[in-house]
Amino acid sequence: VLAAGLSVFIALTNALEERRYDLAVMRMLGVSRGRLLGLLVVEALLLSAAGALAGLALGHLFTELIGAALSSAQQGRVTGAVWMIEEFWLVGFALAVGVVAALVPAWRAYRSDVALVLAGG
């Protein structure tokens, strides 16, 4: 999860650099700094949620496939159909890591000088 958090941090930092001009235009058009900060945090939440849910789904799918392969080999019963409450705590933890990873890029967007960015500096 920490590696995923680092990945989200890098992705958001790169996205901020690529969209710096667009974010400055949004600020110029009247979007408040707080709203811009909120948009970047929501983006991080969506990325984290999508990653966590896709990871859980793929994990259960592959567990089911492994269980089917072991079943045909007369091995023990393994199933991906069993969901544990701890998995949902893992999703919550992934969301929290995503928000923490978004704080630095969001703060940089919050503090950016609109005039300087739009002037090309």
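This briefing covers the cores, surface, ring pairs and salt bridges of one structure.

The model is predicted: local features need pLDDT of at least 70, side-chain atom pairs count only at pLDDT 80 or more, and totals for chains, interfaces and linings use all residues. Residues are numbered from 1 along each chain as its sequence is written, and side-chain values use heavy atoms, with hydrogens and water left out. Helices are DSSP runs (H or I, at least four residues), numbered from the N terminus. The largest nonpolar core has 7 residues. There are 2 aromatic pairs and 2 salt bridges.

**Nonpolar cores**

- A nonpolar core is a set of buried Ala, Val, Leu, Ile, Met, Phe, Trp, Tyr and Cys residues joined through side-chain atoms within 4.5 Å.
- Buried means under 20% relative accessible area, exposed means over 50%, and partly exposed lies in between (1.4 Å probe, protein chains only).
- In soluble globular proteins, nonpolar side chains tend to be buried together.
- Here the largest core is made up of L16, L23, L36, L40, V41, A106 and A109.
- Helices α3 (33-72) and α4 (85-111) each supply at least two residues of this core.
- The most comes from α3, which gives 3 residues.
- Another core, of 5 residues, lies apart from the largest one, and its members include V8, L12, A44 and A101.

**Residues and their contacts**

- Contact means heavy atoms within 4.5 Å.
- V41 touches V99, A102 and A106, not counting residues up to four places away in sequence.
- A101 lies in helix α4 and is buried, at 8% relative accessibility.
- Not counting residues up to four places away in sequence, A101 touches G5, V8 and F9.
- A101 and A52 are 49 residues apart in sequence, and their C-alpha atoms are 15 Å apart in space.
- T13 sits in helix α1 and is buried, with a relative accessible area of 17%.
- Leaving aside neighbours within four places in sequence, T13 is in contact with P105 and R108.

**Surface**

- V1, L2, L90 and F93 make a nonpolar surface patch of about 390 Å².
- Patches are made of residues with over 30% relative accessible area and no salt bridge; like charges are joined within 9 Å, and nonpolar side chains (Val, Leu, Ile, Met, Phe, Trp, Tyr) within 5 Å.
- Accessible areas come from the Shrake-Rupley method with a 1.4 Å probe; for residues, only the protein chains shown count as cover.
- V1 lies in the segment before α1 (2-18) and is partly exposed, at 40% relative accessibility.
- R35 is found in helix α3 and is exposed, with a relative accessible area of 58%.
- R35 and Y110 are 75 residues apart along the chain, and their C-alpha atoms are separated by 9.1 Å.

**Aromatic pairs**

- Rings of Phe, Tyr and Trp (its six-membered ring) pair if their centres lie within 6.5 Å; planes under 30 degrees apart count as stacked, over 60 as edge-to-face and the rest as tilted.
- W83 and F88 are stacked because their ring centres are 6.2 Å apart and their planes meet at 25 degrees.
- Both residues are partly exposed: W83 has a relative accessible area of 44%, and F88 is at 47% relative accessibility.
- W107 and Y110 are also stacked, with 5.0 Å centre to centre and 20 degrees between the planes.
- W107 and Y110 both lie in helix α4, 3 residues apart, about one turn of the helix.
- W107 is partly exposed at 48% relative accessibility, and Y110 is partly exposed with a relative accessible area of 25%.

**Salt bridges**

- A salt bridge is a side-chain nitrogen of Lys or Arg within 4 Å of a carboxyl oxygen of Asp or Glu.
- R108 and E17 form a salt bridge at 2.7 Å, N to O.
- R108 lies in helix α4 and E17 in helix α1, so this pair ties together parts that are 91 residues apart in sequence.
- R108 is partly exposed at 35% relative accessibility, as is E17 at 38%.
- E43 forms a salt bridge with R19, and the closest N and O atoms are 2.9 Å apart.
- This pair links distant parts of the chain: E43 is in helix α3 and R19 is in the loop between α1 and α2 (20-28), 24 residues apart.
- E43 is partly exposed, with a relative accessible area of 22%, and R19 is partly exposed at 27% relative accessibility.
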